[in-house]
Amino acid sequence: MFKNDSQSIQFLLAAEKKAEEKVSQARKRKHLRLKQAKEEAQAEIENIRQEREKEFKEYEAKYLGSKESDELKIEKETDKLLIELNKYVRLNKDLVVDRLLDLVFNISCEVHVNYRAGVE
């Protein structure tokens, strides 16, 4: 087939080099495909995450209400309660002060119901 052994060795070395280059190119293509697949998977995961986040926000707004509306509602209720309590304070302030003064200045000395006379 070949005239001498050196030509066949050269042919085999060239074929081996060519095969090595093809394997190297195949590995590079495989690496690029894996890298591309990983990037596509990351993009798809991000899209799904954003979609789920959007669905959750919609669900939260629909069933739980927004935090701002709850805060405003609580603040309004608190203000309403404070106004009502201040009204009661204004109405009853004089009565309470008179009652306290009466209790302080008009002391009645009475024996306590649990006191036993003659017991030591």
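The chain exposes about 12500 Å², of which carbon and sulfur atoms supply 57% (accessible areas by the Shrake-Rupley method with a 1.4 Å probe; for residues, only the protein chains shown count as cover). The model is predicted, so that local features need pLDDT of at least 70 and side-chain atom pairs count only at pLDDT 80 or more, whereas totals for chains, interfaces and linings use all residues. Residues are numbered from 1 along each chain as its sequence is written, and side-chain values use heavy atoms, with hydrogens and water left out.

The C-alpha trace spans about 140 × 50 × 20 Å along its principal axes. The radius of gyration of the chain is 46 Å, while a compact globule of 120 residues would have one near 14 Å (taken over C-alpha atoms; the globule rule is 2.2 Å times the number of residues to the power 0.38). Buried residues make up 1% of the 120 residues (buried, under 20% relative accessible area; exposed, over 50%; partly exposed, in between; 1.4 Å probe, protein chains only).

The chain contains 2 helices and 0 strands (DSSP runs numbered from the N terminus: helices, H or I, at least four residues; strands, E, at least two). An unreviewed UniProt entry annotates residues 9-62 as "coiled-coil region"; such annotations may be inferred rather than shown by experiment. This span, residues 9-62, is 100% helix and 0% strand, and its end C-alpha atoms lie 78 Å apart.

Helix α1 (residues 5-64) includes S8. S8 is classed as buried because its relative accessible area is 18%. The side chain of S8 reaches the backbone oxygen of D5 at 2.7 Å.

Helix α2 (residues 67-105) includes L100. L100 is classed as exposed because its relative accessible area is 52%. Between L100 and V23 there are 77 residues of sequence separation, and their C-alpha atoms are 101 Å apart in space.

The charged end of K87 sits over the ring of Y88, at 5.6 Å from the ring centre (NZ of Lys or CZ of Arg within 6 Å of the ring centre and within 35 degrees of the ring normal).

Terms used: Polar contact = N/O pair within 3.5 Å; in protein donor to acceptor, adjacent residues only side chain to side chain.
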